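Please look over the protein shown here.

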Amino acid sequence: MKAFLRHTLLITSLAALIPTSQANTLPIFDSHSHYSLADSRVLSPAQIISRYDKYNVIGAVISSTPTSKAELLYQHAPKRIIPFLSLYKTKANKPNWMLDLNTLNDIEAQLDAFPYQGIGEFHIFKQDTYSPVLKRIIQIAGERSLMLQIHGDAEIVDRIFEISPNVQVIWAHLGTKPTPDFLASLLKRHPQNLYIDTSVRDGEFFDDRGRLNPEWEGFFIQHQDRLLAAVDTFSTLRWLTVGHTLSKMRRWLSQLPPDVAHKIAYQNALKLFDRPDLTP
């Protein structure tokens, strides 16, 4: 606990060094985050939205374990939150959901009962490419025009489009091989419905002087319509220090041409989720 508090104080102090006006200027739509049971014990839905107001986050994709917490946050701010259905009943399901047919229990009933716009984020890697559970999840998404948000290998992306070519996919964290050339090859292979979120990769875009790496700059410009800014609040600490994460994100976005930065920061997400009402 002491280590947690020391880390929190350090990150908060670093964030305080960045002027508020600079940190909050560019609107952000967070295309990948979570509001878990542990988070809800520390931060209420009102406190989450207060953080969004403070740091100019105009909307967010939220999933949770249990999924009822995403529902709770959506009910508090339905105009700001895009809820995605989690496949995990508990964290213990995370490594093996694709091997357990019980994963499919109640999925369609939950989708009938609540206005989820997608399924995920779910973790799955190439050894489970032909999981029958994955196949059914992909089919459900296609039948219901739901998005899928995956944390997995390129083979999983290929499998999704093999089964359901028209489903829209958000590939989390710039995939599992986050290099500009490799990502460009996937976007070329799937030119219509593949989007990539930038969550947890912000530190990789800079050189040792804090400048945006030219290879990443070229990638962002070339693929500006297919990229989504994202935070990924994978822990309560991540929520408590979200201002620091957003400041780092805005540092690399600010080094792109303004029209490109605005697309990645929020415009692509508003178009993808059909939320023109959130336009700043």
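Does His 223 count as buried or exposed? His 223 counts as buried, because its relative accessibility is 11% and the cut-off for buried is under 20%. Keep in mind that this is a predicted model. His 223 sits in the loop between α10 (214-222) and β8 (227-228). Leaving out residues up to four places away in sequence, His 223 touches Ala 184 and Leu 187.

**The nonpolar core**

In soluble globular proteins, nonpolar side chains tend to be buried together. Here, the largest nonpolar core has 86 residues. Phe 29, Trp 97, Phe 122, Phe 220, Trp 252, Leu 253 and Phe 273 touch the most other members. Helix α13 (residues 258-272) gives the most to this core, with eight residues.

Take Phe 122 as an example. Not counting residues up to four places away in sequence, Phe 122 has contacts that include Leu 87, Tyr 88, Trp 97 and Leu 134. Ile 137, Leu 148, Gln 149, Ile 150 and His 151 are also among them.

**Helix α8**

Which residues of helix α8 (residues 154-163) are buried? They are Ala 154, Ile 156, Val 157, Arg 159, Ile 160 and Phe 161. An α-helix has 3.6 residues a turn, so residues three or four places apart point the same way.

| Element packed against α8 | Residues |
|---|---|
| α7 | 132-144 |
| β5 | 147-152 |
| β6 | 169-171 |
| α9 | 180-189 |
| β7 | 194-197 |

Strand β4 is also one of the elements that the buried residues of α8 pack against.

**Aromatic rings**

How many aromatic pairs does the structure hold? There are 13. Phe 114 is buried, with a relative accessible area of 11%. Elsewhere, Phe 205, Trp 216, Phe 219, Phe 220 and Trp 252 form one aromatic cluster.

**The largest pocket**

The largest pocket has a volume of about 400 Å³. It is lined by 21 residues. Those nearest its centre are His 34, Lys 91, Lys 94, Glu 121 and Phe 234. By class, the lining has four nonpolar, 12 polar and five charged residues.

Definitions and conventions:
Residues numbered from 1 in each chain as written. Predicted model: local features only at pLDDT ≥ 70, side-chain atom pairs only at ≥ 80, totals over all residues. Heavy atoms only, no water. 1 Å grid on protein atoms, 1.4 Å probe; cavity = no way out; pocket = protein on both sides within 12 Å on 5 of 7 lines; lining within 4 Å. Points joined across faces, edges and corners; volume = space filled by probe spheres on them. Nonpolar A, V, L, I, M, F, W, Y, C, P; charged D, E, K, R; others polar. Phe/Tyr/Trp six-rings, centres within 6.5 Å; stacked < 30°, edge-to-face > 60°. Buried < 20%, exposed > 50% of the residue type's maximum accessible area, 1.4 Å probe, protein only. Helix = DSSP H or I, 4+ residues; strand = E, 2+ residues; numbered from the N terminus. Contact = heavy atoms within 4.5 Å. Core = buried A, V, L, I, M, F, W, Y, C linked by side-chain atoms within 4.5 Å.
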